[in-house]
Amino acid sequence: MRHEETLLNIPINGTKLNGFTFDEIGDDHLYTGIETPLTSTAFDISDEEKKEKIAKLFSQIMEVMGLDLTDDSLKGTPKRVAKMYIEEIFSGLNPENKPKIALFENKYKYNQMLVEKNIQFYSNCEHHFVPIFGKVHVAYVSSGKVIGLSKINRIVQYFANRPQVQERLTNQIALELASILETDDIAVIIDAKHLCVASRGIKDDSSATVTSYYGGIFNQQEKIVELQNYLKL
Ligand SMILES: [Zn+2]
């Protein structure tokens, strides 16, 4: 799917896309590909220019809703939102913010699975721009290279700092780790809550969504069972 038509020409309800109507994509949280859909001009302007534009546009949204931007409590909001979007919650859109990862030799010759579990993350649903948050569990078997444990958290954060769908977040983390660690033996499990489901729409506060990626040896039943046992600890 090309995205020239986004922003200025938002598909109206009922528009067909890949066999689904636009409405269905938004409410059922289907997604269209592993790459975050970006336009070819996504990085033509600087982050400073983006913040200025977003602040202006966000003040327009507030004005349309009838909010008084001369009020002391509201007047700084457009700039705050713009700064938060670009520097924090959507900073992972910019490849310049991708964490630099140093590889180390696996000198301990540890050749069993390494599991890093309960990595807390915060992201935002790309269909409603409200939070998705939860835990990521990552496992890999070294092909001879290892990375610092905190780097796994940084990779999770980088991809979470985008407008996301959980399935894509799962796959993006897995494929990045596979590329860095030069192995297919990667598993990623995400257990998350979506505020677009909990606080609006169907208003189900108790459900959670679990997604998984099993690559290489993690397709073997015994490895899946071993991993699941570690996650229960
Ligand atoms: Zn949503």
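These are my notebook entries on a few places I looked up in this structure.

**Ground rules.** I am working with a predicted model, where local features need pLDDT of at least 70, side-chain atom pairs count only at pLDDT 80 or more, and totals for chains, interfaces and linings use all residues. Residues are numbered from 1 along each chain as its sequence is written, and side-chain values use heavy atoms, with hydrogens and water left out.

**Entry 1: the annotated site.** I started with the UniProt record, an unreviewed entry, whose "binding site" annotation covers Cys125, His128 and Cys196. They are spread over 72 residues of sequence, yet they cluster in space, with a largest C-alpha distance of 7.5 Å. I kept in mind that UniProt annotations may be inferred rather than shown by experiment.

Next I looked up where two of these residues sit. Cys125 belongs to strand S4 (residues 113–125); helices (H or I, at least four residues) and strands (E, at least two) are DSSP runs, numbered from the N terminus. Cys125 counts as buried because its relative accessibility is 1%. Buried means under 20% relative accessible area, exposed over 50%, and partly exposed in between (1.4 Å probe, protein chains only). His128 lies in the loop between S4 and strand S5 (131–141), and with a relative accessible area of 23% it is partly exposed.

**Entry 2: a lysine in a helix.** Is Lys51 buried or exposed? At 14% relative accessibility, Lys51 counts as buried. I found Lys51 in helix H2. Leaving aside neighbours within four places in sequence, Lys51 is in contact (heavy atoms within 4.5 Å) with Ala82, Lys83, Ile86 and Glu87.

**Entry 3: the inside.** In soluble globular proteins, nonpolar side chains tend to be buried together. I looked for nonpolar cores, which are sets of buried Ala, Val, Leu, Ile, Met, Phe, Trp, Tyr and Cys residues joined through side-chain atoms within 4.5 Å. The largest one here has 27 residues, and those with the most contacts inside it include Phe121, Val136 and Ile173. Among the elements that each supply at least two residues are S4, S5 and helix H5 (166–181). H5 gives the largest share of this core, seven residues. I also noted a second, separate core of seven residues, including Ala139 and Leu227.

Entry 4: I ended with Leu67, which is in the loop between helix H2 (47–64) and helix H3 (77–89). Leu67 counts as partly exposed, because its relative accessibility is 36%.
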